[in-house]
Amino acid sequence: MPFIAHPSAVIDEGCQIGEGTRIWHFCHLMPGAVVGENCNIGQNVFMANGVSVGNRVKIQNNVSLYTGVIIEDDVFLGPSMVFTNVINPRSTVERKDEFRQTVIRKGATIGANATIICGNEIGDYAFVAAGAVVTKNVKPYALVMGTPAKQTGWMSRNGHHLHFDEMGKAICPETKEIYLMNDGYVTLLQKHEL
């Protein structure tokens, strides 16, 4: 097998799991779940049919990914964070045809115990603080926290606060990468643009 799974994990026939991925105790991956390469799937993780997980994703313990959840490369999902897939669930009303897609873009971090309400997109390298409840889209590189989540700042690709000068420029203290602010959105300045 190109991946490693603990004997207690239930991996249904029809899953696709990439090389180098590790799946820990008491996980359940349903048919049609797709997981990329070199992922780390912590204890007690559930993945429904139709879930897509990119490469190098870290999913911590006790996370359930329901139909409609798409995770891009290099995403971090903190312990016990929560996804939903129906906006108005009722026990006695069948709403499987109303599942809403939730997309977590490349490099984003979702903190422990955060909740992502379905139908939203978390932008590239965004940072959702622990315990936040996300009820709307989050911009790339944005830092959001609270209930409901509100943007409180910006984060670099390496997870450092970005402080923009009067020219709309910020530098990551670790990598020295340069970020530009334009019309309320942050972009990473590519080296060839310097």
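In E25, which residue is the bridge partner of asparagine 182?

Reply: The bridge partner of asparagine 182 in E25 is tyrosine 185. The model is a predicted one.

That pair belongs to a hairpin. Strand E24 covers residues 178-182 and strand E25 covers residues 185-188, and the two pair in the antiparallel sense over four bridges. Two residues lie between the strands of this hairpin, and aspartate 183 takes a positive phi near 55° there.

Val186 and Leu188 make up its covered face, while Tyr185 and Thr187 make up the uncovered one. In a regular strand the side chains alternate between the two faces of the sheet.

Glutamate 177 forms a salt bridge with arginine 157, and their closest N and O atoms are 2.4 Å apart. Glutamate 177 counts as buried because its relative accessibility is 17%, under the 20% limit. Arginine 157, at 36% relative accessibility, counts as partly exposed.

In soluble globular proteins, nonpolar side chains tend to be buried together. The largest nonpolar core here has 49 residues, and Met47 and Leu65 touch the most other members. E25 is one of the elements that give two or more residues to this core, the others being strand E12 (69-71) and strand E21 (142-145). With neighbours within four places in sequence left aside, leucine 65 is in contact with Val45, Phe46, Met47, Ala48, Val51, Val53, Ile59, Ile71, Leu77 and Phe83.

E21 leads on to the open sheet. Nine strands form that sheet in the order E1-E4-E7-E10-E13-E16-E19-E21-E22, with mixed pairing. Strand E1 (4-5) and strand E22 (150-154) stand at its edges with a single partner strand each, so one side of each has no neighbour in the sheet. Within the sheet, strand E10 (residues 58-59) and strand E13 (residues 76-77) pair in the parallel sense over two bridges. Lysine 58 stands opposite phenylalanine 76 in E13. Two of the contacts of leucine 65, Ile59 and Leu77, have numbers that fall in the ranges of E10 and E13.

Side chains of opposite charge can pair when their charged atoms come close. Aspartate 73 forms a salt bridge with arginine 56, the closest N and O atoms being 3.8 Å apart. Aspartate 73 is in the loop between E12 and E13 and arginine 56 is in the loop between strand E9 (52-53) and E10, so that the pair links distant parts of the chain, 17 residues apart. Aspartate 73 is partly exposed, with a relative accessible area of 26%, and arginine 56 counts as partly exposed at 42% relative accessibility. A search of the whole structure finds eight salt bridges. Another of them joins glutamate 98 to arginine 95, with the closest N and O atoms 3.5 Å apart. Glutamate 98 counts as partly exposed at 39% relative accessibility, whereas arginine 95 is buried, with a relative accessible area of 17%.

Elsewhere, threonine 115 is found in strand E17 (residues 115-116). Threonine 115 counts as buried at 18% relative accessibility. Apart from neighbours within four places in sequence, threonine 115 is in contact with Val82, Ala132, Val133 and Val134.

A search of the whole structure finds zero of them. The sulfur of cysteine 27 is 11 Å from the closest cysteine sulfur, that of cysteine 15, which is too far for a bond. Cysteine 39 is in no disulfide either, since the nearest cysteine sulfur, in cysteine 27, is 12 Å away and the cut-off is 2.5 Å. Cysteine 27 counts as buried at 1% relative accessibility, and cysteine 39 counts as buried at 1% relative accessibility.

Note on methods
Residues are numbered from 1 along each chain as its sequence is written. This is a predicted model: local features need pLDDT of at least 70, side-chain atom pairs count only at pLDDT 80 or more; totals for chains, interfaces and linings use all residues. Side-chain values use heavy atoms; hydrogens and water are left out. Buried means under 20% relative accessible area, exposed over 50%, partly exposed in between (1.4 Å probe, protein chains only). Two strands pair if DSSP finds at least two bridges between them. A nonpolar core is a set of buried Ala, Val, Leu, Ile, Met, Phe, Trp, Tyr and Cys residues joined through side-chain atoms within 4.5 Å. Contact means heavy atoms within 4.5 Å. A salt bridge is a side-chain nitrogen of Lys or Arg within 4 Å of a carboxyl oxygen of Asp or Glu.
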